[in-house]
Amino acid sequence: MAEVESLCDIVIFGGHGDLAFRKLMPALYHLSNNGYLNKESRIITATRVSMSNEAHCDLVKVKLEEFLEEGAFDEEKFNYFKEQLHVVIIDFGDNQSYKGLSTLLGNYPQRDRINYLSTAPDFFGSICQSLSKWELISPKSRVVLEKPIGRDLDSSRVINVEVLKYFEESQIYRIDHYLGKDTVQNIMALRFSNRFFMPLWDANNIDHVQITVAESVGVEGRWGYYDDYGAMRDMIQNHLMQLLCLVAMEPPCSLEADSVRDEKVKVLRSLKMMTPADIQQKTVRAQYSQGSIDGKPVPGYREGVGVEESTTETFAALRVDINNWRWNGVPFYLRSGKRMRTRNSEIVIQFKTIPHSIFANEGRCISENKLVISLQPKESIQLKLMNKIPGLSEEMRLQQVELELNTPLNMSHKPTAYERLFLDVIRANPTLFMRLDEVEAAWKWADVILDAWAENQVPMKSYSAGTDGPTAGIQLIARDGRSWHDE
Ligand code: NAP
C-alpha cells in the first residue's frame with residue numbers, strides 16, 4: 001500500500017465536462033484505491049446542473065464504468081471512493097452561487113486546497129476572482145490550469161495576469177499532461193543517470209532529432225474548440241515543445257522544480273526565431289480531406305461538420321533549430337497531425353554514421369544508431385545497434401538489433417499521466433508543470449510562425465485522411481537528405 005498523502009480538498013471546476021469524466025475522475029479513483037489519497041480528503045465537483053450528492057455519485061459511477069480501462073471498475077472499491085465525493089452547484093457568472101462551496105470548504109479551513117480549472121480559459125479569471133471574494137484562497141491553496149493557456153502570447157498574458165492577481169506563481173500548476181507520462185520522465189532518467197549518453201548527447205554525435213505526435217482520430221466532438229486552435233497551438237507549441245526541451249536541455253543542477261524549469265526555459269529562449277524565408281522553407285501546414293482509416297471511409301475536416309471555409313491546420317511539420325553550443329547544426333523535426341495513418345507518438349534521436357567502416361561489403365548497410373522513445377500507443381524505449389549475425393559465413397554479416405530498455409511493471413495498473421500529475425499537485429511539487437516564463441517563451445517563438453500562416457505566407461496543403469500527411473511534410477525532411485522514422 002502506498003504512503004498516504006496529506007489531507008486536501010480537491011475542487012474540480014467544470015467537473016461534469018468531458019475531461020473531468022474521461023481523465024480526472026478515473027485518475028482520482030485509482031489514486032484513492034491505491035492509497036494515494038487520504039481517506040478524509042474530499043473531491044468536490046462544481047457543476048451548473050442542480051443535483052443531490054447521491055445523483056452525482058450515480059453519475060460518476062456510470063462514467064467510471066465507461067471510461068476506466070477494462071476490468072478496473074470494482075463495486076466495492078467504488079463504494080469506498082464515493083465517500084469522498086461531493087457536489088456543489090456553481091455558475092461561474094454568478095458570484096453568489098459559490099456560497100455552497102464556501103460552506104463546505106469552511107468546515108476544514110486548514111486543509112490544502114486544490115482548485116482544478118477544467119474549463120475553457122475564459123473562465124479562469126472569474127473563478128479565481130470568486131474564490132478570492134469568498135476568501136477561499138489560503139497560502140495552502142493551489143490552482144491547476146488546463147491547456148490551452150491562450151492562443152498567442154498576448155492572450156496567454158491576459159489569462160496569466162488575471163490568475164496572478166489571486167494566486168502566487170508558486171501556487172499555479174499549468175498542466176501539460178505529456179509530462180506526466182512515465183516514458184517522458186524517463187528521458188531525464190536516461191540522460192542524467194547513465195554515463196554513456198553524456199558524451200554522446202550533442203552536435204558532434206547526434207545527426208538529428210524527430211518528434212512525432214500522430215493521431216488517427218479526427219477532432220471528434222471538439223470541432224468548436226479545435227477550429228480556433230489547430231495543430232500548431234493545440235500540440236506543437238505546448239506538448240511537442242515540452243518534449244523538445246527535455247531532449248535538448250542541459251543537466252539541471254538538481255531535480256528541484258526551478259532547476260529543471262530554468263533549463264527548459266533556456267532551450268525555449270535558444271530556439272532560432274524563424275525569418276519569413278525560414279517559415280516558407282521550414283514549416284508545413286495542411287488540412288485533411290476525406291480518406292479512409294482502418295478500411296472505413298472518413299469525411300474531410302470541413303465536410304465532417306458541413307463547414308465550407310476553415311483555414312485551420314490539422315497537420316503541422318517544422319524544422320526547428322536551436323542556437324546554442326550543444327545543438328548547433330542539429331535539426332529537430334517536429335510533426336503532429338490528426339486523421340493520420342496510425343496513432344503514434346515518438347521521439348527519435350538519430351546518431352551520426354560511423355566515421356569509417358571496416359566492413360567492406362557491409363559498409364553500405366550499416367544503419368545509424370537510434371534511440372527511439374515511444375509514447376503511444378505503447379510506452380517503450382529502444383536503442384538500435386548494429387550486431388553480427390551469428391554463423392560461419394566468410395564475410396562478417398551485420399544486422400541492426402533492438403535493445404529494449406523497458407522496466408517490467410510490478411503493478412497490475414500502470415498509473416496514467418493524470419494520476420502522476422494529480423499526485424504532484426497534492427504533494428505541492430511543480431516540477432512537471434509549466435512556469436510562466438516557459439509558456440511565454442514558447443508562445444513568443446510560435447507566434448512568428450502563426451502570424452505568417454495567418455497572412456497566407458505558407459500555402460495550406462491537403463492530405464487524405466488515413467495517410468502520413470501531405471507530401472510537403474515528407475519533403476521537408478527529405479530535402480535535408482533524411483526521412484521520417486517509420487517502423
Ligand atoms: P467541456 O466538456 O465543455 O466541459 C466544460 C465544463 O465547464 C462543463 O462541465 C460545463 O458545464 C462547465 N461550464 C461551462 N460554462 C460554465 C458556467 N458558466 N458555469 C459553470 N460551469 C460552466 O470541456 P472539456 O473537454 O472537459 O475541457 C475542459 C478544459 O480542458 C478546456 O480548457 C479544454 O481545452 C481542456 N482540455 C480538454 C481535453 C479533453 O480531452 N476534453 C484535453 C486537454 C485539455 P455544463 O456541463 O453545465 O455545460
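In helix α5 (residues 124-133), the buried residues are Phe-124, Gly-125, Ile-127, Cys-128, Ser-130 and Leu-131. Buried stands for under 20% relative accessible area, exposed for over 50%, and partly exposed for values in between, with a 1.4 Å probe and protein chains only. Helices (H or I, at least four residues) and strands (E, at least two) are DSSP runs, numbered from the N terminus. The model is predicted: local features need pLDDT of at least 70 and side-chain atom pairs count only at pLDDT 80 or more, while totals for chains, interfaces and linings use all residues. Residues are numbered from 1 along each chain as its sequence is written, and side-chain values use heavy atoms, with hydrogens and water left out.

The cover over the buried residues of α5 includes β1 (8-13), α4 (99-106), β4 (112-117), β5 (141-145) and α6 (153-164). Contact here means heavy atoms within 4.5 Å. After α5 comes Glu-135, with a positive phi near 55°.

The protein chain is divided into domain 1 (8-146) and domain 2 (179-416 + 429-478), with bounds from an automatic or database domain assignment. Their C-alpha centres lie 34 Å apart.

The ligand is surrounded by 19 residues, the closest being Asp-18, Leu-19, Arg-22, Arg-48 and Thr-119; a residue counts as near if one of its heavy atoms lies within 4 Å. A ligand oxygen is 2.7 Å from a side-chain N or O atom of Arg-22, and a ligand oxygen is 3.3 Å from a side-chain N or O atom of Arg-222.

Side chains of opposite charge can pair when their charged atoms come close. A salt bridge is a side-chain nitrogen of Lys or Arg within 4 Å of a carboxyl oxygen of Asp or Glu, and the count by this rule is 30. One of them joins Arg-174 and Glu-169, at 2.9 Å from N to O. Arg-174 is buried, with a relative accessible area of 0%, whereas Glu-169 is partly exposed at 23%.

Asp-321 and Lys-282 form another salt bridge, with their closest N and O atoms 3.5 Å apart. Asp-321 lies in the loop between β11 (315-320) and β12, and Lys-282 in helix α10 (residues 276-282), so the pair ties together parts that are 39 residues apart in sequence. Both residues, Asp-321 and Lys-282, are buried. They belong to a salt-bridge network that links Lys-272, Asp-278, Lys-282, Arg-319, Asp-321 and Asp-480.

Asp-486 and Arg-341 also meet through their side chains in a salt bridge, 3.2 Å from N to O. Asp-486 lies in the segment after α13 (471-478) and Arg-341 in the loop between β12 and β13 (344-351), so this pair ties together parts that are 145 residues apart in sequence. Asp-486 is exposed, with a relative accessible area of 52%, and Arg-341 is partly exposed at 38%.

Arg-335, in strand β12 (residues 332-337), is buried but has no salt bridge, and the nearest side chain of opposite charge, Glu-346, is 5.3 Å away. Its side chain makes a polar contact of 3.0 Å with that of Thr-212.

Notes
Lys and Arg count as positive and Asp and Glu as negative; His and the chain ends are not counted. A polar contact is a pair of N or O atoms within 3.5 Å; within protein, one must be able to donate a hydrogen and the other to accept it, and residues adjacent in sequence count only if both atoms are side-chain atoms.
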